[in-house]
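Student: I would like to go through the aromatic contacts of this model. Could we take them one at a time?

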Amino acid sequence: MAVALLFCLVLLGLTSGSLSTHIGINYGQLGDNLPPPSRSIELIKSLKASSVKIYDANPAVLEALCGTSLKVSIMVPNQAIVNISASERAAHAWVRTNLLPFYRRVRIRTLLVGNEVLSDHANRPTWFHLVPAMLNIKRALASLRVRNVKVGTTFAMDTLESSFPPSRGTFRRDIAVPVVLPLLKFLSMTGSSFFLDVYPYFVWSASPNLIPLDYALFRTAKPTYTDPVNGLRYTNLLDQMLDSVVAAMAKLGFKNMPITIAETGWPNAGDLDQMGANIENAAVYNRNLARHLAARVGTPARPGMPIRTFLFALYNEDRKDGPGTERHWGLFYANGSAVYEVDLTGKRSDLAYRPLPKATNNRPYRGKIWCVADPAVVGRGANARRVTDAVRFACSQGNQTCEEMRPGKGCSLPRTPVNHASYAFNAYWQQFRKSGATCYFGGLAVQTATDPSYGSCTYPALSS
């Protein structure tokens, strides 16, 4: 152990030079057959990233970071917040177990307490434990003589009640005074930053007729939008979103609170009806983002202010639930090959990159879509229990969702796992998709534009 520590300290000294980029990488691990941490860190370094953020304190990842120049952010899981808020001893134990063994060997610079806690309405009581937990973590760091580690937490844009125009940005009334105000006081007192997850893709894809795609992708050199209240002019959607948070913080008395972009990016693929999720747009967004940040122009409300940023994400992560975009934010595939090229220093010109596959889904999908079982997955005997459970769930929801699968009905035959799962998945999804249901079922289902109906069995479908 002593030899390993000495080796790491020597490496850390040799690699402590600063990098020319403010961009880091979010390293998530919710994928099958991902490269090991040692290879993953090499991929991050190959991007010329300055930092890495992980969603836990995984010791294998931290060991792989030993001796690198990468600044590291680790995270306390959401489910630990209540216990840590109630007990300084619990906070002390968490820091001693998860951070202290790596403190002198890894450049840990940020300890984030929870991830988008204020967006989780199902666990509303946890909101009011957030700041006490951060205070206890800060006390634990001090008692263990841990220096140079800031404490923060991450916010999503849905913590705002209003974001348009940006000058009228306001935090939600249910959290502004009871949670956000004391949190901002804590961040200001400790010299930390407001960590924000900000995704122009979602704003653009929700209003493609109102927001130009080029504006979301940093492809407009001239101002596209002018704030009618303060006259500030915007050339891209990201700056507009950031300044709405600047305005919201100013309304609570913290107009100079620094912002760190904890997550941003663009999906490289998605479901059939998720327009604009493609490799070309993802590459263009991230390349232009790097150039924008390298220019250090700040935002219209904060000109010249550098913005530390973490790209989401290192890998496409196939074990994430939700719509297809959730599994396609990566710069790399699970086998370690690049989805597309990107230079995070922002110095590489477009002409220096290889051609990208042309986008074919930048307009809304207008056809019908069905949700069917993936035969490559459902057909495996090892997945039989998962398939049974998924079909049982689908058929137990709604009104007579699987009625046509009953004996003697049009879709009762053939009685194969793939056929019955396909009908059940589709019937459920068509009935509940408008209320947020997704065609995924833990990786058992896929979307198709080909009508799976056969004989007397008709699969329902709604046009997208």
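This is a predicted model: local features need pLDDT of at least 70, side-chain atom pairs count only at pLDDT 80 or more; totals for chains, interfaces and linings use all residues.

Student: How many aromatic pairs does the count come to?

Tutor: Rings of Phe, Tyr and Trp pair if their centres lie within 6.5 Å. By this rule, the count is 23 aromatic pairs.

Student: Are the rings of Tyr27 and Tyr315 stacked or edge-to-face?

Tutor: Their centres are 6.3 Å apart and their planes stand at 70°. Planes over 60 degrees apart count as edge-to-face. The pair of Tyr27 and Tyr315 is therefore edge-to-face.

Student: How many residues apart are Tyr27 and Tyr315?

Tutor: Tyr27 belongs to strand β1 (residues 23-27), whereas Tyr315 lies in the loop between β14 (309-311) and β15 (370-373). Both residues, Tyr27 and Tyr315, are buried. The pair links distant parts of the chain, 288 residues apart.

Student: Which class describes the rings of Trp204 and Trp266?

Tutor: The ring centres are 5.8 Å apart, with the planes at 35°. Stacked requires under 30 degrees and edge-to-face over 60. The pair of Trp204 and Trp266 is therefore tilted.

Student: Where in the chain are Trp204 and Trp266?

Tutor: Both Trp204 and Trp266 are buried, and they belong to one aromatic cluster that includes Tyr199 and Trp329. The pair links distant parts of the chain, 62 residues apart. Trp204 is in helix α9 (residues 200-206), and Trp266 is in the loop between β11 (259-264) and α12 (279-294).

Student: Which ring has the charged end of Arg327 over it?

Tutor: Arg287 lies over the face of Tyr353, at 3.5 Å from the ring centre. For Arg327, the charged end sits 3.6 Å from the centre of the ring of Tyr440.

Notes. Residues are numbered from 1 along each chain as its sequence is written. Side-chain values use heavy atoms; hydrogens and water are left out. Rings of Phe, Tyr and Trp (its six-membered ring) pair if their centres lie within 6.5 Å; planes under 30 degrees apart count as stacked, over 60 as edge-to-face and the rest as tilted. Helices (H or I, at least four residues) and strands (E, at least two) are DSSP runs, numbered from the N terminus. Buried means under 20% relative accessible area, exposed over 50%, partly exposed in between (1.4 Å probe, protein chains only). A charge sits over a ring if NZ of Lys or CZ of Arg is within 6 Å of the ring centre and within 35 degrees of the ring normal.
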